[in-house]
Amino acid sequence: MTTTAGGLRLEHRDEYPHPPDDLVNFNESVYASGWDARSAMGGWMRLGNRVNEGYAELSVCLYLPGGRVACAFGKPSISHNDAFDAGGLRYEVGEPFAAVTMAYDGEVFVLDDPSVLRDPRRMFAEAPRARASVRFDARGVSPMHGGEPTAPEHETLMYYGDQFSRGHFNQHTAVTGHIVVGDEEFPIDGHGWRDHSWGPRYWQAIWAYRLFIANFGEDRALMILKNIRADGTSRRRGVLLVDGEYHEVTDLDVWTEWDDNQEPAAARLGVRTAQGTAVIDARTLTLAPLRNRRRTEDGTELRSRVAEAFSEYTWDGRTGYGIMEYIERVEDGAAVGYPL
């Protein structure tokens, strides 16, 4: 099956690994989240194959009751890009465009105070560890969205820019499965999101962005992105899922309420589509403060902060759950996008 819409191409084969090109920073990434509304918990997992650099980026971030976070991060070695399977994290396609499974079996850090993530060296040395088993069986409840540009003039359709991915698609999902951490077991029967991207990726290619993803049930969900460039201009993109159809975002305003660490405590979104308008509120329940660092050939260290906030959303009186993700470069000790 092939779909082509608005200058983007997407085929069933894009669900599977792509042949890597010669770029040293070629990355092929898969991501899945699952949130249980009854217990107000869940998590996300990501595996990014950097085969030309010989490793995969592994991230598991679970938001447990009581404001705790269980997490795993690593760079397991890989020698090919034939599968998404490294370090105990694996991703399998059950049916293209319809069903995938992401699962992790391995060790996690268990953090009563997620702020320990600000000092990774301390976390790795001191944080308690436990065995974990996580499984998200994700069934698509929305159309597929995205793809790969069919011509250079269509590269402006790419959400994240050509130095963060060449192809990218995503889908809202219904999710069943479980999270087991030590002797605690939590069933997951809710909703989530999945995405898949391939092409060059440096995290520092993002100057600053604010990403909002949430589900309110099978009939309503959102993905909204404000991608801010270094020159101060921005791309405002995304979709609202309404009764099984995606409404493309045509305009967007974001107002952020910041905490004492200059990280998002809450946000209000003003969204316009061709079908109407929406005002959506989000508030952080538990924040995982992460980071990414890269050293250039001349020895310069480039840093980005990655604020991953498990959040409660409200829209037209309905409550949903998902993530607020704020990524931005850090220069001279300051986040470049703050306080916007």
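Start by selecting Glu15 and Phe97: the side chain of Glu15 reaches the backbone nitrogen of Phe97 at 2.6 Å. This is a polar contact (a pair of N or O atoms within 3.5 Å; within protein, one must be able to donate a hydrogen and the other to accept it, and residues adjacent in sequence count only if both atoms are side-chain atoms).

The model is predicted: local features need pLDDT of at least 70 and side-chain atom pairs count only at pLDDT 80 or more, while totals for chains, interfaces and linings use all residues. Residues are numbered from 1 along each chain as its sequence is written, and side-chain values use heavy atoms, with hydrogens and water left out.

**Around Glu15**

Stay on Glu15, in the loop between β2 (8-11) and β3 (26-36). Helices (H or I, at least four residues) and strands (E, at least two) are DSSP runs, numbered from the N terminus. Glu15 has a relative accessible area of 0% and is therefore buried (under 20% relative accessible area; exposed is over 50%, partly exposed in between; 1.4 Å probe, protein chains only). Now show its contacts (heavy atoms within 4.5 Å): leaving aside residues up to four places away in sequence, they include Tyr91, Met144, Phe169, Arg194 and His196.

**Aromatic pairs**

Next, colour the rings; the structure holds 12 aromatic pairs. Rings of Phe, Tyr and Trp (its six-membered ring) pair if their centres lie within 6.5 Å; planes under 30 degrees apart count as stacked, over 60 as edge-to-face and the rest as tilted. Select Tyr63 and Phe310, a tilted pair at 5.4 Å centre to centre with 40° between the planes. Tyr63 is in strand β5 (residues 55-64) and Phe310 in strand β20 (residues 301-315), 247 residues apart. Tyr63 is buried at 1% relative accessibility, and Phe310 is buried at 3%.

Move to Phe169, already seen beside Glu15. The ring centres of Phe169 and Trp198 are 6.1 Å apart and the planes are at 65°, so this pair is edge-to-face. Phe169 belongs to strand β12 (residues 167-181) and Trp198 to strand β13 (residues 184-200). Both Phe169 and Trp198 are buried.

**Charges over rings**

Select Arg220 and Trp315; the charged end of Arg220 sits over the ring of Trp315, 4.4 Å from its centre. The criterion is NZ of Lys or CZ of Arg within 6 Å of the ring centre and within 35 degrees of the ring normal. Arg201 is placed over the ring of Trp203 in this way, 5.0 Å from the ring centre.
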